[in-house]
Amino acid sequence: MTPEKKPDKKVEATPKQDDRPRVRLDQPRELRRNLVTNPFRGSSDTDRFGRFAEQFARFMGTARFLIYMTFFVAVWVGWNWLAPDSWRFDDYPFIFLTLMLSLQASYAAPLILLAQNRQEVRDRVVTEQDRKNASQQQADMEFLAREVASLRMALGEVATRDFLRSELRGLLEDLEERAAEEPEGDEPLVPADESGPQPT
């Protein structure tokens, strides 16, 4: 007899435990803090830049900005026109001043447009809220009109005080007429079913 060979037992490899912490779906993720932040990333930064654009556009539309700008240009032109040649830094065609004003205009126009876009969004939101409020008020007014109409119809079927007085007055007159027609001393007739047992 040959010895039976036992089947080789295969060693099942146990899955390796992952050392990473499991992500739980019922808890919010932790915010990562970057060392270098993008100034144009995130809604708060966008809102901050939008508020800056609105303040800048609002300032450019004031008389103070026009006075400051006029004073700046007048000092620039006066200095480069009247100062000695060695002190001048931008001679007659004032190329550098033109470049600065063009640069200012090229930055001011997008900022003003951004401020107008934000104002347009705000106006759209306010208009939508006003429209919703107006539709709600119209629905409330229609409901109240229906309620008032139903109350009027119900009041038309209710007896008023004058109607009750007139009816009671009529009944009182009828009772007085009957009392006057009945002879004195006669007992009122009692129906047979209410007189009690009959004598035999």
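**Briefing: the chain and Asp90**

Residues 24 or more positions apart account for 52% of the contacts with a separation of 6 or more in the protein chain, a contact being a pair of heavy atoms within 4.5 Å. This is a predicted model, in which local features need pLDDT of at least 70 and side-chain atom pairs count only at pLDDT 80 or more, while totals for chains, interfaces and linings use all residues. Residues are numbered from 1 along each chain as its sequence is written, and side-chain values use heavy atoms, with hydrogens and water left out.

**The chain as a whole**

- The protein chain holds four helices and zero strands, with the order α-α-α-α from the N terminus on; helices are DSSP runs of H or I with at least four residues, and strands are runs of E with at least two.
- Of its 200 residues, 8% count as buried, meaning under 20% relative accessible area with a 1.4 Å probe, protein chains only.

**Asp90 and its surroundings**

- Asp90 sits in the loop between α2 (63–82) and α3 (95–157), and it touches Trp76, Asn80, Ile95, Phe96 and Leu97, residues up to four places away in sequence not being counted.
- Although buried, Asp90 has no salt bridge, and the nearest side chain of opposite charge, that of Arg88, is 10 Å away; a salt bridge is a side-chain nitrogen of Lys or Arg within 4 Å of a carboxyl oxygen of Asp or Glu.
- The side chain of Asp90 reaches the backbone nitrogen of Ile95 at 3.2 Å, and a polar atom of that side chain lies 3.3 Å from the backbone nitrogen of Phe96.

Definitions and conventions. Buried means under 20% relative accessible area, exposed over 50%, partly exposed in between (1.4 Å probe, protein chains only). Lys and Arg count as positive and Asp and Glu as negative; His and the chain ends are not counted. A polar contact is a pair of N or O atoms within 3.5 Å; within protein, one must be able to donate a hydrogen and the other to accept it, and residues adjacent in sequence count only if both atoms are side-chain atoms.
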